Amino acid sequence: MDIIDIKTYMQSVGREARTASRLIAKAETAVKNQALTTMAMAIKRDEQKLLAANAADVKSAKARGLDSALIDRLTVTSKGVAGMAEGLLQIAALADPVGEVSDLNYRPAGIQVGKMRVPLGVVGIIYEARPNVTADAAGLCLKSGNAAILRGGSEAIHSNQAIAACVKEGLNAAGLPETAIQVIETTDRAAVGELITMKEFVDVIVPRGGKGLIERISSEARIPVIKHLHGVCHVYIDEGADLGKAICIADNAKTQRYGTCNTMETLLVHEGIAREVLPPLCKIYFDKGVELRGDMASRAIVAQMNEATEEDWHTEYLAPILSVRVVSGLDQAIEHIAIYGSQHTDSIVTEDYSRARRFLREVDSSSVMVNASTRFADGFEYGLGAEIGISTDKIHARGPVGLEGLTSQKFIVLGDGHIRQ
């Protein structure tokens, strides 16, 4: 398509999404759940088709020389297919937030004032790799009463279209318009520029991908954006930590998967326990091929570490690389996170209740944890069924964005002929 055709195509997509959003907003819960269940069944049935489509994408990505972190996010396994289906079924099992009334109270004038939860309208999602986003976003937007326009990256075009076919099947089975969930068919980047400026058709944009993509969307969009730029996540091993728990958590937070935004990128260790915890923990890292970059104190304990630079503390590696710093205590750990963190996810390992409470209260991140791996910062793990993304913003939605994050509230007033005196 040329630029004129892209603009025409995207305007048509937006117009159809806006029309469909009014139908989805009033759809009954049972109808939406029927669509979600059928989507899940179709994904399970078409596992081999989805894996074949994904294999084609992965082969192409490797031939193009795309980096290993992106290929990791792009790759779908049988477990991943099952996870997409299970996520849709979980969403179907969740309570429908649309129409929920809260805080209904009588006012002195006799009227009742409350709030009703309502859909946002049309949600535009722009994402790189991660074919599972196609299923997750479709399910979450549908259950929350929103229409969705999904624009995946060119590297996942075959995977996304294969999943889109299952989504359409679910919508058709429930008698809902196919245009409620539209997956953009062109890989032309001009489509992104159109999507993020169609404020007459789109109510909110959710970018999922690398920092460069999200920075571009944030600066160029004429529509509100729900986002996080990057995930510089920390685990702080306190002096009061259980050594076994600390090693297990710090290992999992880094090595369970390298290319995700909730993977630990910096390990902070209390100086009082550093000589006990660092040698056995670092051996685990070295055995798994993780490069360690440490400060002077940590390298004095484990000499094989490379020297960390100031830039390392700011870096989201998305790779088997980890920064390590020995700190004097909780105050310095919290200060380090405040300076270098990205307000994504941070965890403390400690058996000291008071320090745990302080960490929860004072660390200003969208997810703060005690004695748990940062890898749990995920909508599926939080019981949201799935997530459309993680927000580090402080207005509207924060943390993993599930059904409630895809709705807003409006005031409702109930009267019986009341007039203002």
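1. Where does R375 lie? R375 sits in the loop between β13 (367-370) and β14 (390-391); helices (H or I, at least four residues) and strands (E, at least two) are DSSP runs, numbered from the N terminus. Before going on, a word on the source: this is a predicted model, where local features need pLDDT of at least 70 and side-chain atom pairs count only at pLDDT 80 or more, while totals for chains, interfaces and linings use all residues. Residues are numbered from 1 along each chain as its sequence is written, and side-chain values use heavy atoms, with hydrogens and water left out.

2. R375 is worth a look. R375 is buried yet has no salt bridge, and D378, the nearest side chain of opposite charge, is 6.1 Å away. Here buried means under 20% relative accessible area, exposed over 50%, and partly exposed in between (1.4 Å probe, protein chains only). A salt bridge is a side-chain nitrogen of Lys or Arg within 4 Å of a carboxyl oxygen of Asp or Glu. For charge, Lys and Arg count as positive and Asp and Glu as negative, with His and the chain ends not counted.

3. What does the R375 side chain have instead? There is a polar contact with the side chain of N262 at 2.6 Å, and another with the side chain of T260 at 3.4 Å. (A polar contact is a pair of N or O atoms within 3.5 Å; within protein, one must be able to donate a hydrogen and the other to accept it, and residues adjacent in sequence count only if both atoms are side-chain atoms.) Not counting residues up to four places away in sequence, R375 touches N252, A253, Q256, R257, T260, N262 and T263, contact being heavy atoms within 4.5 Å.

4. S323 is in strand β11 (residues 321-327). S323 counts as buried because its relative accessibility is 0%. A polar atom of the S323 side chain lies 3.5 Å from the backbone oxygen of D312. Leaving aside neighbours within four places in sequence, the contacts of S323 include E265, R293, D312 and W313.

5. Two backbone angles to check. Most residues other than glycine have a negative phi. R130, not a glycine, has a positive phi of about 35 degrees; R130 is in the loop between β3 (122-127) and α6 (132-143), and counts as buried at 16% relative accessibility. Q343, also not a glycine, has a positive phi of about 60 degrees. Q343 lies in the loop between α14 (330-340) and β12 (345-349) and is partly exposed at 29%.

6. On to the salt bridges: the structure holds 22. E220 and R216 meet in one of them (3.2 Å, N to O), both in helix α9 (residues 211-220) and 4 residues apart, about one turn of the helix. R358 and E362 pair up likewise (2.8 Å, N to O), both in helix α15 (residues 353-362), 4 residues apart.

7. K394 forms a salt bridge with D364, the closest N and O atoms being 2.7 Å apart. That pair links distant parts of the chain, 30 residues apart: K394 is in the loop between β14 and β15 (399-400), D364 in the loop between α15 and β13. Salt bridges that share partners also join D331, R358, R361 and E362 into one network.
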